[in-house]
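Visitor: I'd like to go through this one label by label. Could you show me the model and tell me what stands behind each term?

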Amino acid sequence: MFYREAGDFSTTYRDDSQTFPIRFDRYRYYAVLAVAFGVIPFIINDYWASAVLVPFLIYAIAAIGLNILVGYCGQVSLGTGGFMAVGAYACYKLMTAFPDVSILIHVLLAGGITAAVGVLFGLPSLRIKGFYLAVATLAAQFFLVWLFNKVPWFYNYSASGQISAPERTVLGYAVTGANASASVKYLVCLIFCFALAWLARNLTRGAAGRKWMAIRDMDIAAEIIGVNPLRAKLSAFAVSSFFVGVAGALFFSVYLGAAEVGESFGIDKSFLVLFMIIIGGLGSIFGSFAGAAFLVLLPVLLKNVLVGQFGWPTDLAAHLQLMIVGALIIVFLIAEPHGLAQLWRVAKEKLRLWPFPH
Amino acid sequence: MPDWVLYATEVTMNGLMAGVMYALVALGFVLIFKASGIFNYAQGVMALFAALTLVGFQDGQVPFAHLINVIFGTDVHHFGWTMPSIVAIGLTAVVMVAMAILIERLVLKHLVNQEPIILFMATIGLAYFLEGLGDVMWGADIKKLDVGLPQGISDTIDGFTYDAFGYGFFIDRLDIVATVVAAALVLALMAFSQYTKYGRALRAVADDHQAALSVGISLRFVWVLVWSIAGFVALVAGIMWGSKSGVQFSLSLIALKALPVLMLGGFTSIPGAIVGGLIIGMGEKLFEFFIGSMVGGATENWFAYVLALIFLVFRPQGLFGERIIERV
Amino acid sequence: MTLRLAAAMVAALAVGAPAMAQDLHFPSLSYRTGPFGASGTPFADGYQDYLTLLNERDGGIGGVKIRQTECETAYNTEKGVECYESIKGDNPLILQPLSTGITYQLIPKVTADGIPLHTMGYGRTSGKDGTVFANVFNYPANYWDGASIAIKYILSENGDNIEGKKISLVYHNSAYGKEPIRTLEELAKQHKFELILLPVDSPGQEQKSQWLQIRRDKPDYVLMWGWGVMNATAIQEAANIRYPMDHFIGIWWSGSENDVLPVGDGANGYKSLAMHGTGMEYPVYADLKKYVTDAGKAAGAGDQVGSVLYSRGMYAAMLAAEAAKKAQELAGTANITPAQMRDGMEALEITEEIMAANGLPNFGHPFKVTCQNHGGEGYGLVQQWDATAKKWSLITDWIQSDQALIDRLVAEDSAAFAAENNIAKRCN
């Protein structure tokens, strides 16, 4: 009823090209932001923060990053886990080497370092394409994990190679370490997630994003119309790795607090984030959020329903949970092959015509 | 001969045979990719599922025992019989065919003509589902798989090389069996696709779906066929790897070992999978043996990919892949 | 519709919310799925069956019923965090994650929340130092004890002289596998043997190059720090190259039935360390059969009874129950809190009489926990696999680790942790 353009007149180009052209959508967006920033921090508890929202936000950042590379620029990457590890270890080294500098700056710097590493491993993309490119990023994945496992300098020579985040504060509130409160952890992740999602949205609809999409759709044609494939591909690798690096830094310092490279940043992490963007929808910021929500929230939800409500044995519940997640992926796919984001778009189209679809 | 040459020879031979084991897993990927353009993420889980089913049949386990016991409060575990290996293998092959039919009916039929990435995603869902199903059906405990394959050092080779060089080479008998099986499998597959009617249909579909459809080849039948064959290859890989280290969840992770092989050999070439496997197996073992131990070891995982990467920089379509022709 | 769905989701997710009750909450952070599920299941079964036995036979501990909850971690740190957060408000008396990775994660958290963490023979070894790690306990023995016990055993087999011998360590390339390296390096200096390190990447199904290196180097002994499928594969490869099995010694996590049964006869003679007895000869099994198994209250499939890891789970539960008794005694109330449980663990003393009273005579070595020492005195055994009888048998008496060396290394590592995290020393 309310969800339509009618009566919403754009008088400037700015208005016309805004992200949410429909007024209802815009207000809904503001309402979501208001709840996320103004309500949730006051009611959140440790369980919701550590088990649900913080991992969701961090995975969303990583998924947006990977979506820039895979969904917008068309370069398949299976190195996400390795790049997250770069972010985490960079953050750890910075935190322990410069304890007086704010953790927020360290997280951003860790993202920057990851971007540099990402560009390095993105170089083969100039020659290798499609599924074959995955081999280059897999080489990055396994090599980086091996490196952080083998060189003691990265983990400050601790006996077992585990890194632990010491306590760091922002404005007097603990952000990392065990004393950080749920709302502070949530807010820090939310701010990063919001700022990066905003950045990603604006990058992808600007000149940079158009270049990436031209490369994705057909790189030879893009080259002919004047897109420099070297710069476009490497910039996508850089931006994507920056996002993933920030996600890795937050993952280690705020969420887990202690990490071990092979366990926390292994190949399954790369696959998990890739699954998120495919299930959510390639080339869609909303899809990154939807995919992260699907793969972070659904298992927790199923676990609580099966074990908590029905009282099933945990192992059976865990196996059934796998089956249900797998079946749901297939069902969604048959219903809508282009991911949750497309499902959302279709729903919005229907809504615009509702209640008189003809 | 100096010692290091002997060691190098021994490592090379073992590496080649390890490569054959990788290639066995890679073959399943290639078959499905070639016929339908699907990168089947579930191949590793299929190997696990096949091995679990095989052991379950052999030991007479009751499928879904745990689930039944929880729901009905019963206490059933075993039928109380054991089955000869050959019967169990046959039955498992039947199960894999049934699975291929189900996959085609329930999943692939609905996704004809979709982009490769979407079909890839369907196999992700399939992998999750099968992983859960295998555990619910047969339980997650570690199982011993014994179909009577020989295992351990081959005395013949040990003795022969000792007489010849003064140093007995170590060759695992299981690896020799795997090599023979892989060779037979590849020859059979190549003969099948070259000389039989269905093989030609398979190749036609691989070339062009729509053209194949228009000359009357049933796409659905070919898909069932190719998934059945891939299921059978998964069974063979499951038997080999399961004999080596028991049947349990980790068996599904052997797919990771097959990835560099695939990339190196090309996604569409059966001989490519074998040659790729040989190169990767030999390369990673030699590197780990001579250089890896100097830099702290455990280099095999990344070295396999770096090796594949070096090859790909020179041949972006893989060693045996079809040449990539780009048009604007 | 969306709203209703959201409400349903909120309700479902909020199941993790605390519920106060008059009982003793013993959560089990188990893993019955994933790559290490086969090893996690028997431990969880043993742990839960023993606690069920206490409930059925004795009516709980000190007259208060035990409430057990189980949370599946799949050996995954993120799921471990989720589990921890879901139970931490529910007065969990003791946490035993059976994973070194999750342990590292939980150490700062349990310290902040005042919940005791018991990592029996795994986890962060320097957790032994009670002056720095107030809430972490790793009695009766830890990895570094294990390394030292293994070397002592080798010394005893070689007339106390292993100068110039070669010893290889085949280890899981993770925090867990790397733990003993520093101790072994120190011991190598002390006893002048040569240490060769051979890492194996998880999960470890392909170890050909490691074992070819062993074939080339011909080490006198091979030690192993493995877990999951890596153990069985390593034993299989050792059998393949005909490495003398009685010179191949695994840590206690590489010495269960799961590791040797898949190898068959080739595993005969393989040795591993142990920190407790194993087998069905203990009187406790009669009670377990009567009150738990036959009553249909066994955890899991009930097929793991008597195995090594089952015994270890049972041992862990017995130690936890004893600590709870101690805590009840100290606090003067039967309804103890996690903080009181911690005090009970710190005052725990396990004697032969206590173990015998629990139906487990001579099961473990007696030990005493103090404020400074949270790790016991480091006693262990060596057991050997008999492939024909399909049975582990103990072949040595108790061996004590080199306490002076272990204490020095523990002090170094915990001092570094204290400095990094600004922890003031306790127990003065």
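This is a predicted model: local features need pLDDT of at least 70, side-chain atom pairs count only at pLDDT 80 or more; totals for chains, interfaces and linings use all residues.

Visitor: What makes the radius of gyration of chain A agree with a compact globule?

Guide: The rule is 2.2 Å times the number of residues to the power 0.38, with the radius taken over C-alpha atoms. For 358 residues that gives a value near 21 Å, and chain A has 21 Å, so the two agree. Its C-alpha atoms fill a box of roughly 70 × 60 × 45 Å along the principal axes.

Visitor: How many helices and strands does chain A have?

Guide: Chain A comes to 15 helices and 4 strands. These are DSSP runs numbered from the N terminus: H or I with at least four residues for helices, E with at least two for strands.

Visitor: Why is C:Leu98 called buried?

Guide: Buried takes 20 or more other C-beta atoms within 10 Å of a residue's own, exposed means 12 or fewer, and partly exposed is in between, with C-beta atoms placed from the backbone. C:Leu98 has 28 within 10 Å, so it is buried. This leucine sits in the loop between helix H3 (77-87) and helix H4 (100-113) of chain C, and its phi is near 55°, positive although it isn't a glycine.

Visitor: And what makes C:Arg242 partly exposed?

Guide: C:Arg242 has 14 C-beta neighbours inside 10 Å, so it lands in the partly exposed class. Its phi is positive too, near 60°, again in a residue other than glycine. Look for C:Arg242 in the loop between helix H9 (229-240) and strand S8 (248-250) of chain C.

Visitor: Why are H7(B) and H10(B) called roughly antiparallel?

Guide: Axes are lines fitted to C-alpha atoms over the stretch in contact, and angles run from 0 to 180 degrees between N-to-C directions. Under 35 degrees is roughly parallel, over 145 roughly antiparallel, 65 to 115 roughly perpendicular and the rest oblique. Helix H7 (residues 173-195) and helix H10 (residues 219-245) of chain B cross at roughly 175°, with axes within 11 Å, so they are roughly antiparallel. Among the residues making the contact are B:Leu174 and B:Ala178 of H7(B) and B:Val233 and B:Met240 of H10(B).

Visitor: How do you know that chain B touches chain A?

Guide: Contact requires C-beta atoms, placed from the backbone, within 7 Å. By that test, 44 residues of chain B are in contact with 39 residues of chain A. H5(B) gives the largest share of chain B's side, 15 residues. That side divides into 32 nonpolar, 9 polar and 3 charged. Ala, Val, Leu, Ile, Met, Phe, Trp, Tyr, Cys and Pro count as nonpolar, Asp, Glu, Lys and Arg as charged, and the others, Gly among them, as polar.

Visitor: How many residues of chain A are in contact with chain C?

Guide: 33 residues of chain A, against 35 of chain C. Here chain A's side has 13 nonpolar, 16 polar and 4 charged residues.

Technical notes:
Residues are numbered from 1 along each chain as its sequence is written. Chains are lettered from A and ligands numbered from 1 in the order in which they are written. Two residues are in contact if their C-beta atoms, placed from the backbone, lie within 7 Å.
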